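Subject: Structure handover

Hello,

Please find the structure below. My notes on it follow.

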Amino acid sequence: MAAGGFITDLKQKFRQGDIVTRLIFLNVGAFLLVSLVSLFLTLFRWNAYAWLHWLELPAWVSAFVRQPWSLITYMFMHAGLLHLLFNMLWLYWFGRLFLNIFSSKHLRGLYVLGGICGGLLYMIAYNVFPYFEDAVFGSYLLGASASVLAIVIATAVREPDYQVQLLFIGGVRLKYMALFMIVLDLMFLTAENAGGHIAHLGGALAGWWFASGLQRGHDATRWINRVIDFIGGRWSPKPRKPKMKVHYGGGRQQDYDFNARKKAQAAEVDRILDKLRKSGYGSLTDEEKKSLFDASKK
């Protein structure tokens, strides 16, 4: 009963939580499951690590062709508890900040997009640069770092002057933090964990691509969210437009009501745009951001 109640409580927290909470649940759950399976195999003196390679992303293209799903699964795998802890802390902090600017679907899609771009850049680098020719056949990538860095960079691109408080340092603007992280990864491209730093740069590129594109009206995560919705069973075809019907009586009143609503919506958008020009994007409430976003799609 106690175990069943605990599992039920976790399911309820997962369903009620926002996208940041759900992604943390998925990463922690994957880590616990992998740890338990590895422990079970070790007790029977079986190879506890060989099966993990089927979930990690290989650098060798021929190996990747045999396990293409690893381009997705690797971003939910972690090498140890500290690896998991640091990634989830970054995801929690910047995920919350991201949701003040963008939507939950944007975060969900960007997490996957950042992981995909990080993984692809990792494989390209290991197969193109001669420096990695001795390591390409036995190298594997795992971790959510590329996905998390995509979220960090996207937030910094949209709100570059937003200040975050760092321990022992104080307030630091997001644009400087993002620049520091990118330079740090560039400096360690030939270090022991070169693959991880290359993946970080791929995730950073995805974050910049998403944020800069969205400002021009292009959502780079749209196709990913459509695929996720389809797999999750939430996709549904667009409803057909109903056939035109002729209504007798009340037509003028309906036209009047429709025009009144359109006029009120236009006035509200004008008010939000005026507030945006005077006080900046950060001054808008969540409802005003949503209204502005909805109006931009029409």
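**What was found**

The buried residues of α2 pack against α5 (81-99) and α6. Buried means under 20% relative accessible area, exposed over 50%, and partly exposed in between, with a 1.4 Å probe and protein chains only. Contact means heavy atoms within 4.5 Å.

This is a predicted model: local features need pLDDT of at least 70, side-chain atom pairs count only at pLDDT 80 or more, and totals for chains, interfaces and linings use all residues. Residues are numbered from 1 along each chain as its sequence is written, and side-chain values use heavy atoms, with hydrogens and water left out.

**The chain as a whole**

The protein chain has 12 helices and 4 strands. Of its 298 residues, 38% are buried. Taking contacts between residues at least 6 apart in sequence, 65% join residues at least 24 apart.

Helix α2 covers residues 19-43. At 1.5 Å a residue, its 25 residues should span 36 Å, and its end C-alpha atoms are 36 Å apart, which agrees. The expected span is 1.5 Å times one less than the number of residues. The buried residues of α2 are Ile 19, Val 20, Thr 21, Leu 23, Ile 24, Asn 27, Phe 31, Val 34, Ser 38 and Leu 41. An α-helix has 3.6 residues a turn, so residues three or four places apart point the same way.

At the start of α2, a side-chain oxygen of Asp 18 comes to within 3.3 Å of the backbone nitrogen of Val 20. After the helix comes Arg 45, with a positive phi near 60 degrees. Most residues other than glycine have a negative phi. Arg 45 lies in the loop between α2 and β1, and counts as exposed because its relative accessibility is 80%.

**Helix α6**

Helix α6 runs over residues 104-128. Its 25 residues should also span 36 Å at 1.5 Å a residue, and the end C-alpha atoms are 36 Å apart, in agreement. Since 18 of the 25 residues are buried, α6 is largely enclosed by the rest of the structure.

Which residue does the side chain of Arg 108 make a polar contact with? The partner is the side chain of Asp 229, at 3.0 Å. A polar contact is a pair of N or O atoms within 3.5 Å; within protein, one must be able to donate a hydrogen and the other to accept it, and residues adjacent in sequence count only if both atoms are side-chain atoms. Arg 108 is in α6 and is buried, with a relative accessible area of 14%.

Tyr 111 counts as buried because its relative accessibility is 0%. Its side chain makes a polar contact with the side chain of Asn 27 (3.2 Å), and Asn 27 is among the buried residues of α2. Not counting residues up to four places away in sequence, Tyr 111 touches Leu 23, Asn 27, Met 75, Phe 76, Leu 91, Ala 144, Ser 147 and Ile 151. Tyr 111 and Leu 91 are 20 residues apart in sequence, with 9.6 Å between their C-alpha atoms.

**Pro 58 and Ser 70**

Pro 58 is in strand β1 (residues 57-58). With a relative accessibility of 1%, Pro 58 counts as buried. Leaving out residues up to four places away in sequence, the residues it touches include Phe 64, Ser 70, Tyr 122 and Ser 139. The C-alpha atoms of Pro 58 and Phe 137 are 7.9 Å apart, although 79 residues separate the two along the chain.

Ser 70 belongs to helix α4 (residues 70-73) and is buried at 0% relative accessibility. Apart from neighbours within four places in sequence, Ser 70 is in contact with Trp 54, Leu 55, Glu 56, Leu 57, Pro 58 and Phe 64.

Regards

Conventions:
Helix = DSSP H or I, 4+ residues; strand = E, 2+ residues; numbered from the N terminus.
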